[in-house]
Amino acid sequence: IGMGRGDPVATERWPTYTLLLLGGYALEGDAARGAIHLPQRRAEALLAVLALSGELGCTRDRVIALLWSERDAGQARHNLRDVVHAIRRALGGDVVASVGDILRLDPAGLTSDVGQFAEALSAGRLADAVTAYRGPLLDGFHLSSAPEFERWVDDERARLFRECLEATKGLAKAAEQEQRWDAAATWWARAVALDPYNSRLVVRRIVALARGGDRANAIKEGDTHCERLRSDLELEPDASFLEELQRIRTGGLGPVRYFTPPTGGGGY
């Protein structure tokens, strides 16, 4: 039972687990084992830190700074050892591998959706990356008395959101360039779902719908966006957005034009 995957005389393979961090937190085993619940919240947090650290791993000092900043160094290192031991006991073998002062996850024993997301982006497989992004990082996951961890999650959550949004926009723009308007409208819809109050995204969605022949839904979605801005944010739609919506309403699409945000409004 105590032998790891790397032991040449081991006769039993450790199971492979999947760590899901996008849209919440879940640790899943095979069909027979189902969801796995670790005994400590900080054990779950450690898995999240190591999953986001990727192949480079994370130093023990960095982990301690994130998870036990309120403890003295000796107690914090003792707590870290306990958590690593708890993970290995629950998941088996060397799921958390250590090389010198570095801790990392063994991808042969535990895969993660954030790892799949990063790998797909790196390989230019934007559609796979967008599919892997199921929601905000660790949505609803909190760790009491660990403010550094909470700040780290906020930063990582914002980074992953930006990367997913950029990937989605890239797919939509590629479809536009090829005049695949149905596909463009679908990808812009994914972008709008990520950032629903962003008029720059909505206008690309409704233009793609209109150019694909679905002017009725383009107008409907444009009107709904205006109502949402007014009711939820007490904001009036930008004049350029209203002009584009009116062009669609009157059937005057003409050459492809897109909403230009005000100076300083950023790109899209």
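Colleague: Which residues form the nonpolar patch on the surface?

Modeller: Tyr 197, Leu 233 and Leu 235, with about 260 Å² of accessible area together. Patches here are made of residues with over 30% relative accessible area and no salt bridge, with nonpolar side chains (Val, Leu, Ile, Met, Phe, Trp, Tyr) joined within 5 Å and like charges within 9 Å. A salt bridge is a side-chain nitrogen of Lys or Arg within 4 Å of a carboxyl oxygen of Asp or Glu. Accessible areas come from the Shrake-Rupley method with a 1.4 Å probe, and for residues only the protein chains shown count as cover.

Colleague: Before I go on, what sort of model is this?

Modeller: It's a predicted model, where local features need pLDDT of at least 70 and side-chain atom pairs count only at pLDDT 80 or more, while totals for chains, interfaces and linings use all residues. Residues are numbered from 1 along each chain as its sequence is written, and side-chain values use heavy atoms, with hydrogens and water left out.

Colleague: What is Tyr 197 in contact with, leaving aside neighbours within four places in sequence?

Modeller: His 225, Arg 228, Leu 229, Asp 232 and Leu 233, where contact means heavy atoms within 4.5 Å. Tyr 197 and Arg 228 are 31 residues apart in sequence, yet their C-alphas are 7.8 Å apart in space.

Colleague: And where is the place of Leu 233?

Modeller: Helix α9, which covers residues 215-233. Leu 233 is partly exposed too, at 38% relative accessible area.

Colleague: Okay, sheets. What is the order of the strands in the mixed one?

Modeller: β2-β1-β6, three strands in an open sheet. Its edge strands are β2 (26-28) and β6 (110-112), each pairing on one side only. From one strand to the next, the twist averages 20°; axes are lines fitted to C-alpha atoms, for helices over the stretch in contact, and angles run from 0 to 180 degrees between N-to-C directions.

Colleague: How do β1 and β6 pair, parallel or antiparallel?

Modeller: Parallel, over three bridges, with β1 spanning residues 17-20. Two strands count as paired if DSSP finds at least two bridges between them. On the other hand, β1 and β2 pair in the antiparallel sense, also over three bridges. Thr 18 stands opposite Thr 111 in β6 and opposite Glu 28 in β2.

Colleague: What about the hairpin of β1 and β2, which residue takes a positive phi there?

Modeller: Gly 23, near 95°, in a hairpin with five residues between the strands.

Colleague: What's the strand order in the antiparallel sheet?

Modeller: β3-β5-β4, another open sheet of three strands. β3 and β4 are at the edges with a single partner strand each, so one side of each is left without a neighbour in the sheet. β4 (residues 96-99) pairs with β5 over four bridges, and β3 (residues 58-59) is joined to β5 by two. Ile 102 in β5 is the bridge partner of Val 99 and stands opposite Thr 59.

Colleague: Which residues are on the covered face of β5?

Modeller: Leu 103 and Leu 105, while Ile 102 and Arg 104 are on the uncovered one. In a regular strand, side chains alternate between the two faces of the sheet.

Colleague: Which helix lies across β3, β4 and β5?

Modeller: α1, running at about 90° to β5. Helix α1 (residues 41-53) also lies across β1, β2 and β6, at about 90° to β1.

Colleague: Last one, how many helices and strands are in the protein chain?

Modeller: Ten helices and six strands. Buried residues make up 41% of the 268 residues in the chain.

Key
Buried means under 20% relative accessible area, exposed over 50%, partly exposed in between (1.4 Å probe, protein chains only).
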